[in-house]
Amino acid sequence: MDLLLKARKKNILIKLMLSVTFTMLMVLSANIFIYLPFSPVPLTFQVLTVLISSILLGSKWALFSQSCYLILGLAGFPVFSGFKNGIAALTGPTGGYIIGFLAASFITAYIYNLIKGKNRMPVFISCFAGLLFIYFFGYIHLTSYLIAGFGYNINIFIKSFKLGIMPFIIFDLIKILIISNLLNLNAELVTFN
């Protein structure tokens, strides 16, 4: 019984350390960015970090990691893309993506755990599903942001897609392919969840 308790504590400590590591990787990946001249949404490596952490940590710990990232930003640390922080970053044009990272971290891991062993491409499918959640939250928020700034018209929905999703599709699919190839090198993927 004592050995089981020690093993459980060690396992929790490892997951906690990995979660904190992925939180710090989110900070780094958020601030390695390229501003696109035609979009208020920069190109970052956050999607890569969120999806890898989801597969490796599992839903609860990946969500914990993303929650720590969000809390750091809200507490005033310059962790969001462009070294931004605070509630202003969440109400700005990229706020929906930040919330999408929370949803994607949980959903990606959840789907991966449901389909691994039952599907030939569990990493790709689960990461693609997570990406759709990031896009969904980012699109909804960016659309609301544009409506608040320019007023409502039907073209805002198309403009939001062109600014917030279309320029990133190819890059994000490449990121998912990289994750799939890296994590599918072994038939049995080693995860910490």
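Q: In this predicted model, is alanine 30 buried or exposed?
A: Alanine 30 belongs to helix H1, and, leaving aside its neighbours within four places in sequence, it is in contact with Thr44, Gln46, Tyr69, Val79, Phe80, Ser81 and Gly82. Its relative accessibility is 0%, and since the limit for this class is under 20%, alanine 30 counts as buried.

Q: How far apart are the C-alpha atoms of alanine 30 and serine 81?
A: Serine 81 is among the residues in contact with alanine 30, although the two are 51 residues apart along the chain. The separation of their C-alpha atoms is 4.6 Å.

Q: Which class of accessibility, buried or exposed, does glutamine 46 fall into?
A: Glutamine 46 is found in helix H2, and, not counting residues up to four places away in sequence, it touches Met26, Ser29, Ala30, Tyr69, Ser81 and Phe101. Its relative accessibility is 5%, where a value under 20% is required, so glutamine 46 counts as buried.

Q: What kind of aromatic pair do the rings of tryptophan 61 and phenylalanine 64 form?
A: The structure holds eight aromatic pairs. In the pair of tryptophan 61 and phenylalanine 64, the ring centres are 5.6 Å apart and the planes stand at 75 degrees. As an angle over 60 degrees is the criterion, this pair is edge-to-face.

Q: What is the angle between the planes of tyrosine 69 and phenylalanine 80?
A: A pair of aromatic rings is described by the distance of the centres and the angle of the planes. For tyrosine 69 and phenylalanine 80, which form an edge-to-face pair, the distance is 5.4 Å centre to centre and the angle between the planes is 85 degrees.

Q: Where in the chain does phenylalanine 80, the partner of tyrosine 69, lie?
A: Tyrosine 69 counts as buried at 1% relative accessibility, and phenylalanine 80 counts as buried at 2%. The pair links distant parts of the chain, 11 residues apart, with tyrosine 69 in helix H3 and phenylalanine 80 in the loop between H3 and H4.

Q: Which ring does the charged end of lysine 175 sit over?
A: Lysine 175 is one of the H8 residues that make the contact between H2 and H8. Its charged end lies 5.8 Å from the centre of a ring, and that ring belongs to phenylalanine 45.

Q: At roughly what angle do the axes of H2 and H8 cross?
A: H2 passes H8 in a right-handed crossing, and the contact is made by Val47, Leu48, Leu51, Ile52, Ile55 and Leu56 of H2 and Asp172, Lys175, Ile176, Ile179 and Leu183 of H8. The axes come within 10 Å and cross at roughly 30 degrees.

Q: How far apart in space are phenylalanine 128 and isoleucine 147?
A: Phenylalanine 128 is found in helix H6 and counts as partly exposed at 32% relative accessibility. Leaving aside its neighbours within four places in sequence, phenylalanine 128 is in contact with Leu173 and Ile176. Phenylalanine 128 and isoleucine 147 are 19 residues apart in sequence, and their distance in space, C-alpha to C-alpha, is 28 Å.

Conventions: Residues are numbered from 1 along each chain as its sequence is written. This is a predicted model: local features need pLDDT of at least 70, side-chain atom pairs count only at pLDDT 80 or more; totals for chains, interfaces and linings use all residues. Side-chain values use heavy atoms; hydrogens and water are left out. Rings of Phe, Tyr and Trp (its six-membered ring) pair if their centres lie within 6.5 Å; planes under 30 degrees apart count as stacked, over 60 as edge-to-face and the rest as tilted. Helices (H or I, at least four residues) and strands (E, at least two) are DSSP runs, numbered from the N terminus. Buried means under 20% relative accessible area, exposed over 50%, partly exposed in between (1.4 Å probe, protein chains only). A charge sits over a ring if NZ of Lys or CZ of Arg is within 6 Å of the ring centre and within 35 degrees of the ring normal. Axes are lines fitted to C-alpha atoms, for helices over the stretch in contact, and angles run from 0 to 180 degrees between N-to-C directions. A crossing is left-handed if the near helix is turned anticlockwise from the far one by less than a right angle, and right-handed if clockwise. Contact means heavy atoms within 4.5 Å.
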